[in-house]
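Let's take a walk through some charged side-chain pairs. Have the sequence and the model open as you read.

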Number of protein chains: 2
Amino acid sequence: MAAITPLSGFPELLPSQQKAFDGLKRTLEQVFLSFGYQGMETPAVEKMSTLLSKGAAEQEIYTLRRYQEEQPHTEAELGLRFDLTVPLARYVAQHQNALSFPFRRYQIAPVWRGERPQKGRYRQFYQCDIDIIGENTLSKAHDAEALSVLVTALKSIGINDFQICLNHKKILIGACYAFDLDEQQHADFLRLLDKQQKISAQDFKSQLQVFLTPSAMALFESFCQCQGTLDEALLKLEALPITHAVFQEGIAELQQICALLKAFNVSDKILLQVSLARGLSYYTGVVFETFLIDAPHLGSIASGGRYDGLTQHFTQRRHYPGVGLSIGISRLFSYLLETQDDLKHISPYAQALILIQQIEALPDYIALAQYLRSQNCAVELYLESKSFAEQLKYAQKRCYRWIISGTAQEIDQKKWFVKDLRHQTQYQIAQEDIGPLLKIQ
Amino acid sequence: MAAITPLSGFPELLPSQQKAFDGLKRTLEQVFLSFGYQGMETPAVEKMSTLLSKGAAEQEIYTLRRYQEEQPHTEAELGLRFDLTVPLARYVAQHQNALSFPFRRYQIAPVWRGERPQKGRYRQFYQCDIDIIGENTLSKAHDAEALSVLVTALKSIGINDFQICLNHKKILIGACYAFDLDEQQHADFLRLLDKQQKISAQDFKSQLQVFLTPSAMALFESFCQCQGTLDEALLKLEALPITHAVFQEGIAELQQICALLKAFNVSDKILLQVSLARGLSYYTGVVFETFLIDAPHLGSIASGGRYDGLTQHFTQRRHYPGVGLSIGISRLFSYLLETQDDLKHISPYAQALILIQQIEALPDYIALAQYLRSQNCAVELYLESKSFAEQLKYAQKRCYRWIISGTAQEIDQKKWFVKDLRHQTQYQIAQEDIGPLLKIQ
């Protein structure tokens, strides 16, 4: 019999970590629900034709076939989703007549990628996405709302030291025109901006010179100075000698969004970063990434933006503009486990353990457990035949704070023995008084 | 562009149904947690060697490979889980040194089977399992607890008219000896009992005669009379002229469990059914199935039993007896959607909609929304530029009960206009008073 070796790239949690993760998920869901977002769940499996519509890295997609079958067994070839955006696009296109717009949805679910596993790269991991999809129109106020959901969500899980770097595609495109770049060069130029952090300053500069004349280079340098809080950076951008209409539209949209971010009371978390591009083709308005101030090495923990062509591969009857973002919940969870002490010490067990002092009275202990459960207390019953000393050891091993028991005589008198192992205090009380006691911190 | 056709066998829910399903799952989880069960989540993917260990229907397993790759790309061939029991066995064996026993876990998660889709048969569907696993020993009291969790769980989701049919493998095996069956015949005989409901009475009788002599047939008929409440049926079983030790053990164990079921206050839901076998090899003690009284055609909605050899394919260092059950949550959910009116009319939206009466005051409406969210109210902001009349139409289309708005003058006076569309009542109140109002039924 071979020993069980963990399956590389498919991590799983032990119970206390699982409880921490479930709590994290639940907290995020509550935030999303409070903004009117709807929970959505799509099957893990999609048609390959759907999955390939986005032009994803094909070789990373897991396809399905039945065991020992050479060919796919159905009319449609099937694969596992590699993100939550493609399924969203397919869902919106498929159910467009049954949905009401703007459609706000969240989905916290695993995705699968056939990558070579390495540190921080998994073959199954969670994504946490929210999107607002409009029908034909979607006002820019929704962009501010999405950013506000992100700030609220991160704070709700105890993350306070973070910065959202925001930019607008129209500012970038308008600047490209001002730098005298051909439209065919825009994509390559923005790709260069995106990789600025990954290459040396010298490499960056020499690659820039391929695109920019000396006068454009001077303008680019002034452009790059327009960083900082939204208010400051917008003033600097306005002062630039760039008059292209697309650039001016970008500034106007950011000004509008900036005013609303103040109303949402989240503008202090947001900086303008004019070099942020996030690729060219998909996003059409705001784009943003999020960094932890004390863990920048994690990279962006939440990214998103405004897009127009979500459903274009599936339907052209209507147009569905949207704004959305993805929180890297798997990566964030690893970080939180390392940094938040209360997450490290979560007990996966119940609130209290009932010890069986006299086996003849087992029905009484059971009745007490059932009563406490009806009072919304989680209690574990010790059901093996072991000595009281061994049961106590068990309670300590599981780090129970509260244990409950009683002798036949105490039970006859409708009293129970309750002990707080953390503070070494004990009580002899009626069952009605146990529930409130367990809720004391 | 091809129209999107639903993927056969992979159902998905619209938002209001999804909210109902999420609520159902959450309610069940709360019950499991209240008994001290721990949430567990395993990857969707397991090694094929793990999946094949149970001797499952191999051709139903979906295997994975990367797109356009002929051969599996890793050392281990991978497949999607087809149930939650095999992953549990692998998890317990793999993490045996990190887990604390008895290990109570629940898992509510999808499984995948490459079946031909047909009504009520899906290729992806949810299973909801609970199990208690002991290390080397696990007292029979845990069997009673598992049944009690089942009763509590079903009641918690509004199912009250159901019956659990219970039997004990030792009673069946003991009876087989008393019917003079060879041990080699036991499995076939129990299989015949299991299919009794599926064949005609005449077929059943003629197949019985292959196994039973006339005198054994008479005993079998008396045996089959031992139905009814546990107390009644146990008295009848004791009165039978069967003295085989295994049979007597079965009766003694059931008597013990029966007494505890009364303590758990669930015995009124349980009937003894001596013909229930649930296969031979896996279960070793109690076995049970659950039927809805007004929908017996659904078949068993929750089944389980006591088993000994859970981890035998993965480890022989220790022995892990267990008792567990699986609730057919997908099937049950379809039934609840059809029968429970309140589930049919769940709104997937927030509690209240804030209408924008004067666009200049948008920051005030946003601040109100943020305030209400901080008070645990879920509110949607209407963020498109539409007339007030159109916003009202939108509120009605989404069946909002509560709408909130205000003119600039009202907002200046720190009053908001709140209307209950259901009862056609309206209020002019301060923001602090809105939250409590929304909670009124």
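Glu29(B) counts as buried at 17% relative accessibility (buried means under 20% relative accessible area, exposed over 50%, partly exposed in between, with a 1.4 Å probe and protein chains only). Its salt-bridge partner is Arg26(B), with the closest N and O atoms 3.4 Å apart; a salt bridge here is a side-chain nitrogen of Lys or Arg within 4 Å of a carboxyl oxygen of Asp or Glu. Arg26(B) is partly exposed, at 27%. Helices (H or I, at least four residues) and strands (E, at least two) are DSSP runs, numbered from the N terminus.

A word on the ground rules: this is a predicted model, where local features need pLDDT of at least 70 and side-chain atom pairs count only at pLDDT 80 or more, while totals for chains, interfaces and linings use all residues. Residues are numbered from 1 along each chain as its sequence is written, chains are lettered from A and ligands numbered from 1 in the order written, and side-chain values use heavy atoms, leaving out hydrogens and water.

Staying in chain B, Glu380(B) pairs with Arg398(B) in a salt bridge, closest N and O atoms 3.1 Å apart. Glu380(B) lies in strand S14 (residues 379–381) and Arg398(B) in the loop between helix H14 (388–397) and strand S15 (402–405), so the pair ties together parts 18 residues apart in sequence. Glu380(B) is buried at 1%, and Arg398(B) is buried at 3%.
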